[in-house]
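Let's take a walk through a protein together, one step at a time. Have a look at the picture, and then we'll go from the whole chain down to single residues.

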Amino acid sequence: MADDFDALMSGMGVKRLDKKTAIPPSKKAKTKVVRRKRTDVSTLPKATPQDAAVTVERIEALERGLELARTQREESETKVKQLKKKIKRLKLEVDAANQAASEPHEPLVHVLSRWGYSTPEDRLVIASHDGWLERFLGTVVPSDLASLEADLRGQFLRVCSDCKAPAGKTALPSARAECMVCGGFDLSRETRKFLDAVLINGRLRVVIVGRDTENQREVRDHVVDSRLVLTQIPGSSRREVSQARTDVEHSDAVIIWDPSSVAPELLEVYRTAPIVGEIPAGPLGALLAGAAAIVGQQ
Ligand SMILES: [Zn+2]
């Protein structure tokens with residue numbers, strides 16, 4: 001049937017549509033192949049010794065560059081290590097600060113009592129003094145405490161009603177025995193005893209070495225006699241060993257006031273004086289009493 005149908009159609013001039021006879025669409029687009037022109041090796045200029053030298057130079061330069069990069073990397077790594085350490089330390093500090101901040105705060109009045117400023121009178125004197133009330137109000141407990149205590153000790157001094165606070169200091173009420181000036185001694189009596197010891201023994205050239213300028217000034221304020229040649233050397237002053245030797249040679253007695261305040265190499269020299277004695281840090285009254293005993297020693 002199909003063949004008859006085909007023959008019929010063919011007779012009518014109708015062509016059969018057949019997959020086999022259909023023209024397949026062109027699947028492949030024509031690929032253009034661009035061929036590069038081949039370079040003829042034989043036309044390249046030949047390498048000369050100069051070229052070789054240039055190459056060596058370039059290699060060396062590259063090596064130097066590499067070396068530099070390596071050094072820089074090492075430096076960077078060291079820096080990173082240091083920064084890491086720093087960060088670690090800072091973290092610890094922050095932790096400590098947070099820990100401190102989370103602790104219950106001790107009232108400032110308790111802190112002051114702990115430091116010996118225990119009476120309302122003490123605190124009234126301190127708070128009335130220039131700027132101290134403001135400072136108390138602004139104090140952040142506990143981070144400010146260390147410097148606060150040091151400054152309090154530097155400014156305020158226990159002084160009895162018979163004594164006057166040294167220049168630049170503010171007196172806090174005190175019993176005579178705790179007085180930082182007389183220490184319970186009668187200052188005029190002790191001064192007279194010291195001067196008597198100087199004159200009676202003919203030891204007119206006296207060296208007092210040690211402590212601060214302020215402490216030495218207190219001595220100067222009380223001990224006044226034109227016959228006495230008093231050399232005062234604060235422990236904080238710079239002095240050569242040779243100068244210390246001269247001090248010793250030109251003195252009749254050496255009083256070392258608070259040995260720990262004198263430089264060890266100088267202390268060694270002062271201790272060689274024929275008439276010498278040591279007095280611990282303390283009130284002026286105690287120094288004068290001790291000095292009289294030293295100057296009067298046989
Ligand atoms: Zn006193």
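Start with the word "contact": two residues are in contact if their C-beta atoms, placed from the backbone, lie within 7 Å. Take the contacts in this protein between residues at least 6 apart in sequence, and 57% of them join residues at least 24 apart. Before going on, know that you're looking at a predicted model, where local features need pLDDT of at least 70 and side-chain atom pairs count only at pLDDT 80 or more, while totals for chains, interfaces and linings use all residues. Residue numbers run from 1 along each chain as its sequence is written.

How many helices and strands does the protein have? There are 11 helices and 6 strands. Helices (H or I, at least four residues) and strands (E, at least two) are DSSP runs, numbered from the N terminus. Of the 298 residues, 18% are buried. A residue is called buried if 20 or more other C-beta atoms lie within 10 Å of its own, exposed if 12 or fewer, and partly exposed in between, with C-beta atoms placed from the backbone.

Now for the sheet. Strands of a sheet pair through backbone hydrogen bonds, either parallel or antiparallel. Here, 4 strands make an open sheet, in the order S4-S3-S5-S6, and their pairing is parallel. S4 (229-233) and S6 (276-279) sit at the edges with a single partner strand each, so one side of each is left without a neighbour in the sheet. From one strand to the next, the twist averages 15°. Two strands count as paired if DSSP finds at least two bridges between them. S3 (residues 205-209) and S5 (residues 253-257) run parallel and are joined by 4 bridges. If you want to find one of their residue pairs, look for Ile208, whose bridge partner in S5 is Ile255.

Stay in S5 and pick out Ala253, which lies in that strand. Is Ala253 buried or exposed? Ala253 is buried, because 23 other C-beta atoms lie within 10 Å. Not counting residues up to four places away in sequence, Ala253 touches Arg203, Val206, Ile275, Ile294 and Val295. Ala253 and Gly296 are 43 residues apart in sequence, with 9.4 Å from C-alpha to C-alpha.

Next, follow the loops. Most residues other than glycine have a negative phi, and most peptide bonds are trans. Arg211, in the loop between S3 and helix H8 (213-222), has a positive phi, near 55°. Arg211 counts as buried because it has 25 C-beta neighbours inside 10 Å. Asp258, in the loop between S5 and helix H10 (264-270), also has a positive phi, near 65°. With 18 other C-beta atoms within 10 Å, Asp258 is partly exposed.

Pro259 is in the loop between S5 and H10 too, and with 17 C-beta neighbours inside 10 Å, Pro259 counts as partly exposed. Leaving aside neighbours within four places in sequence, Pro259 is in contact with Gly210, Leu267 and Glu278. Pro259 and Arg211 are 48 residues apart in sequence, yet 8.4 Å apart in space, C-alpha to C-alpha.

Finally, let's see a pair of helices. Two packed helices are described by the angle between their axes and the distance between the axes. For H7 (residues 187-200) and H11 (residues 284-295), the axes come within 8 Å and cross at roughly 20°. Axes are lines fitted to C-alpha atoms, for helices over the stretch in contact, and angles run from 0 to 180 degrees between N-to-C directions.

The C-alpha atoms of Ser188 and Leu288 are separated by 9.8 Å, although the two residues are 100 residues apart along the chain.
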